Amino acid sequence: MKTNFYLTATACVGMFFAANSAQAQEQVVVVEQETIAIEQPVECKTHYSSSWRDNWFIQLGAGAQVPFVDITSENGEKHHKASAVYNVGFGHWFSPYLGFRISGLYGKMRYNFVGHDKAQMASANADLMWDMTTSCCGVNPDRVFSFIPFVGVGGTFTWDFKGVKSNIYNGDLTHRKNNQWTLPVSVGFQLRFRLCKYVDFFAEARAQFYADNFNNYVQGDPIEANITAIGGLSFNIGGRKFTGYNPCEYLGYVNQLNNQVNDLRAEVASTAAALAAANAQLPCPEVKETNAVATVQTPMLASVRFKINSAKISDEEMVNVYNVAEWMKANPDVTVTVDGYADEDTGTAAYNQELSARRAQAVKDALVGYGVSADRLNTKAYGSATQPYNENNWNRIVIFSQP
Ligand SMILES: [Ca+2]
C-alpha cells in the first residue's frame, strides 16, 4: 500500500477559518468588560470662575462727610457741619458675590459751630464687599441695580487742626499734638447702577468709627465717628465676566461619551475573545508522517447511462468510462465494483436482472479495454429490484462503487 503524507497543519488552518467548526465552538473565552457609569452629583449647583485678569475696577467719587466728635459749642450743643470729601478706589471681584477694594478718602472735617474747629483728614480703607442682590436673586451680568453692603478696616491721618487746642500731649509733655493716627472700622453700603458693560454709577454711605483721639481731643464719649456719603463712577477693567459651570448640565454629554467608550470597550472585548479563541488553536501540531488509510474514493457519482432495453455504451457516455479507467490506473491499489441497474417501468424483473448484468459487464469490458486489469473489477447486477433514483428513466444506469 502506498504511503501518503497528510499535513495535519492543513486541517489546523482550515479550523482557524471555520469559525463555526465544532472545535472552535468549544473554545469559550470570557473577557471581562468594565462599564463606566456616571453618578448624579449630589448638588446641581452652578459654580463661577474667572481669570485673575478679569473683574477689576477703579472708582472715582466725591461727596460730603460729617464728623461726630466730642467738641461742643459754647452753649453745650454739638454741631456737625458737612464738608467735601473725595474718593478714589481700586478693587477686584473674586466671584459674582464677593469683592475686595482699597478705598481712599480725603477731605477737610469741620465739627464745631461757625467752623472754628477743623482739620484735614485722609483715610485708606480695606473693604470686603458683598453683592447681596446677586446672592439673593442670582447671577445676571445685565442686572441694572445692585445693593452691596461692605465692612472695612483702615487707617486715618488727621492734621492741620485749627481752633480748639488739643489736650493730647506728646511723650515728653512739652507739646500738644497737632496730628493723629487712628484706625477706623467701617460699615456701609453701596448702590450700584449699571450704565454699560464698563461703567457703573455708584452711591454709597460709610460710617467710620474711631477712638476718642480722632479729633485730637479726648473728652466724653470714647467712640467717635465720621459719616461719609459719596457718589461717582466705577470703571470695570475688562468688564465683569464670570464663567458658570454646573456639573448637572454636562451629565447628558458625559453619559454620551461614556456610552461611546463602553461600546468601544465591548468591541475590544469581542475582538479579544475572538483572538483568544484563535490563539487557543495555536501553536499548530507538528507535521507528522502517518500511514494513510486507504480512503481513496471513486470519482463521485461516476456513472454510465443506457438507453431503454440496451446494454450498449453510447459514445456520449464512454467518456465517463474513460475517466474511471484513468483514475484507476492512477490509483493501482484500489478495486472498483460496477453496479448495474434497470428501470422498473419496463420489462419483467427477471429480464431486468439479466439486462442490468449485461450493462455491468459491458462497462467492465470497456474498462479492461482501456487498460484496467480485470481482477480489479467486480460486477454486480441489481435488476429493477433496487432503484437508485426516483426518476424512472435515470435507473437505466451503471454506478461505480468501492467494496
Ligand atoms: Ca475726641
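Trainee: How do strands S2 and S3 pair?
Mentor: In this predicted model, strand S2 (residues 56-68) and strand S3 (residues 83-93) pair in the antiparallel sense, over 10 bridges. Pairing here takes at least two DSSP bridges between the strands, and strands (E, at least two residues) and helices (H or I, at least four) are DSSP runs, numbered from the N terminus.

Trainee: Which residue in S3 is the bridge partner of Ile 58?
Mentor: Phe 90 is the S3 partner of Ile 58.

Trainee: And how many bridges join S2 to S10?
Mentor: There are 13 bridges between S2 and strand S10 (residues 223-237), and the two run antiparallel. Within S10, Gly 231 is the bridge partner of Ala 62.

Trainee: Stepping back, how many helices and strands does the protein chain have?
Mentor: The protein chain has six helices and 15 strands.

Trainee: Which residues touch the most other members in the largest nonpolar core?
Mentor: That core has 23 residues, and Val 321, Val 338, Val 363, Leu 367, Ile 397 and Val 398 touch the most other members. A core joins buried Ala, Val, Leu, Ile, Met, Phe, Trp, Tyr and Cys through C-beta atoms within 7 Å; buried means 20 or more other C-beta atoms within 10 Å of a residue's own, placed from the backbone.

Trainee: Which elements each supply at least two residues of this core?
Mentor: Helix H5 (315-330), strand S13 (336-340), helix H6 (349-369), strand S14 (377-381) and strand S15 (397-401) do. H6 gives the largest share, six residues.

Trainee: What does the second core include?
Mentor: The second core is separate and has eight residues, among them Val 69, Met 109, Ala 119 and Tyr 210.

Key:
Residues are numbered from 1 along each chain as its sequence is written. This is a predicted model: local features need pLDDT of at least 70, side-chain atom pairs count only at pLDDT 80 or more; totals for chains, interfaces and linings use all residues. A residue is buried if 20 or more other C-beta atoms lie within 10 Å of its own, exposed if 12 or fewer, and partly exposed in between; C-beta atoms are placed from the backbone.
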